[in-house]
Amino acid sequence: MQACDGCCCGTARKHPGVDHAEQRERLQAAARHGGGRYRTVGCLDVCHASNVVVVRRPDGKRVWFGRVLDAATLDALCDWIGRGAPPELPDRLTAHAFEPSAAPVQLTARP
Ligand code: FES
């Protein structure tokens, strides 16, 4: 799993009120629990979707998530990752999944 930690994602400047350190700790723990690895990366060039998390599933498919900013979304994402990132996305996460090549990305994520 890659959690963006660039110029916008993970910053209090763009997203004040989000505990970015806790978010990183929880994502790291979920990755470990799910048998995967966690790392932070620089800007992924989809800053409009920050905070961005990219998960590589066991089948190799990458799933991009945007607007990972609230507790309910983080809970759902950590739970899904902790279960090994199965092919079926929980309802809470479907609105956050996006294709980075599609531009402009219009996320319908809940606040
Ligand atoms: S800082 Fe995360 S996509 Fe740019």
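Predicted model: local features only at pLDDT ≥ 70, side-chain atom pairs only at ≥ 80, totals over all residues.

Biologist: Where is Ile81 placed?

Modeller: Ile81 sits in helix α2. Its C-alpha atom is separated by 14 Å from that of Ala97, 16 residues apart along the chain.

Biologist: Why is Ile81 called buried?

Modeller: The cut-off for buried is under 20% relative accessible area. Ile81 has 6%, so Ile81 is buried.

Biologist: Now the charged pairs. How many salt bridges are there?

Modeller: The count is five.

Biologist: Why is the pair of Arg24 and Asp5 called a salt bridge?

Modeller: The nitrogen must lie within 4 Å of the carboxyl oxygen. For Arg24 and Asp5, the closest N and O atoms are 3.4 Å apart, so the pair qualifies. This pair links distant parts of the chain, 19 residues apart. Arg24 is in helix α1 (residues 20-33), while Asp5 is in the loop between β1 (2-4) and α1.

Biologist: Why does Asp5 count as partly exposed?

Modeller: Partly exposed runs between the buried limit of 20% and the exposed limit of 50%. Asp5 has 33% relative accessibility, so Asp5 counts as partly exposed. Arg24, with 28%, is partly exposed too.

Biologist: How do you know that Asp75 and Arg26 form a salt bridge?

Modeller: Their closest N and O atoms are 2.9 Å apart, and the limit is 4 Å. Asp75 lies in helix α2 (residues 71-82) and Arg26 in helix α1, so the pair ties together parts 49 residues apart in sequence.

Biologist: Are Asp75 and Arg26 buried, partly exposed or exposed?

Modeller: Asp75 has 39% relative accessibility and counts as partly exposed. Arg26 has a relative accessible area of 28%, so Arg26 is partly exposed.

Biologist: What makes Asp59 and Arg57 a salt bridge?

Modeller: The closest N and O atoms of Asp59 and Arg57 are 2.5 Å apart. That is within 4 Å, so the name applies.

Biologist: Why is Asp59 called exposed, and why is Arg57 called buried?

Modeller: Exposed means over 50%. Asp59 has 51%, so Asp59 counts as exposed. Arg57 has 11%. Buried means under 20%, so Arg57 counts as buried.

Definitions and conventions
Residues numbered from 1 in each chain as written. Heavy atoms only, no water. Salt bridge = Lys/Arg side-chain N within 4 Å of Asp/Glu carboxyl O. Helix = DSSP H or I, 4+ residues; strand = E, 2+ residues; numbered from the N terminus. Buried < 20%, exposed > 50% of the residue type's maximum accessible area, 1.4 Å probe, protein only.
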